[in-house]
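Please look over the structure shown here before reading the notes that follow.

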Amino acid sequence: MLRLAPTAAARETKAQHRRQNRCRSHRPLRPMTVQATGYLMLVTSLPAEVPAADVLEAYRLRWQVELAFKRLKSLLGIGRLPVRSEALARSWLFAHLIMALLIEDASKELLTPHPQQPATASCSTSLWLITKTLHHALLAAIRGLSSLAALLGAADVLARPIHRVGA
């Protein structure tokens, strides 16, 4: 269990109230629920000797793996195979995994700060948006609609920070 920073705890409390209002429950939140929003709680089967910092680090790494699988399934369509034959399914899956590796490689390049960029500047473009854009760019290049070099040359659009409405 880890106590959240006051700003993060306030954000979580507000989110909990929004979730409660969304489910249209007329019951007020329990005081214990409101108090619990100020903490990060992880339950593990690891021995008590494992330091909490190591558990949190492993959880963060696991969460990144979960997000990577979610991107593969949602954006690249790897969640379901469109064919029944084992040979065709294997070919389809390998082609999509090759595409995922190409996207991963290009994403790293896009997320690396450029030498001209100030050290204080940070890229707030989401990995989700980068993956989606590169996926469309690779499909366009494969279909012959554009060259991959031309599409990656336009990647400065992705490097611009995204300003969300209401943020």
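P82 is placed in the loop that joins α3 and α4, where helices (H or I, at least four residues) and strands (E, at least two) are DSSP runs numbered from the N terminus. This is a predicted model, in which local features need pLDDT of at least 70 and side-chain atom pairs count only at pLDDT 80 or more, while totals for chains, interfaces and linings use all residues. Residues are numbered from 1 along each chain as its sequence is written, and side-chain values use heavy atoms, with hydrogens and water left out.

- Between the C-alpha atoms of P82 and L93, which are eleven residues apart in sequence, the distance in space is 9.9 Å.

**Overall make-up and confidence**
- The protein chain contains seven helices and two strands, and from the N terminus on these elements follow the order β-α-α-β-α-α-α-α-α.
- Of the 167 residues in the protein chain, 20% are buried.
- Among contacts (heavy atoms within 4.5 Å) between residues of the protein chain at least 6 apart in sequence, 56% join residues at least 24 apart.
- The average pLDDT, which is the predictor's confidence in each residue from 0 to 100, is 78 for the protein chain, and 77% of the residues score at least 70.
- Confidence in the protein chain is highest in α3, at a mean of 89, and lowest in helix α7 (residues 156–159), at 56.
- Over residues 162–167 pLDDT stays under 50, and the model has four contacts beyond four places in sequence for this stretch.
- Where pLDDT is low, the predicted coordinates should not be read in detail.

**Packing of α3 and α5**
- Two packed helices are described by the angle between their axes and the distance between the axes.
- The axes of helix α3 (residues 52–75) and helix α5 (residues 127–142) come within 11 Å and cross at roughly 40°, the axes being lines fitted to C-alpha atoms, for helices over the stretch in contact, with angles running from 0 to 180 degrees between N-to-C directions.
- On the side of α3 the contact is made by K70, R71, S74 and L75, and on the side of α5 by L127, W128, T131, K132 and H135.

**The largest nonpolar core**
- Ten residues form the largest nonpolar core, namely L76, I78, M99, A100, I103, A106, L110, I130, L134 and L138, where such a core is a set of buried Ala, Val, Leu, Ile, Met, Phe, Trp, Tyr and Cys residues joined through side-chain atoms within 4.5 Å.
- Helices α4 (86–111) and α5 each supply at least two residues of this core, and the largest share, five residues, comes from α4.
- Apart from neighbours within four places in sequence, I78 is in contact with L72, K73, W92, L93, H96 and L97.

**T37 and L40**
- T37 lies in the loop between α2 (31–36) and β2 (39–40), and T37 is buried, with a relative accessible area of 11%.
- Leaving aside neighbours within four places in sequence, T37 is in contact with L4, A9, E12, T13 and Q16.
- L40 belongs to strand β2 and, at 29% relative accessibility, counts as partly exposed.
- The C-alpha atoms of L40 and R3 are separated by 6.3 Å, although these residues are 37 residues apart along the chain.
- Not counting residues up to four places away in sequence, L40 touches M1, L2, L4 and L56.

Methods. Buried means under 20% relative accessible area, exposed over 50%, partly exposed in between (1.4 Å probe, protein chains only).
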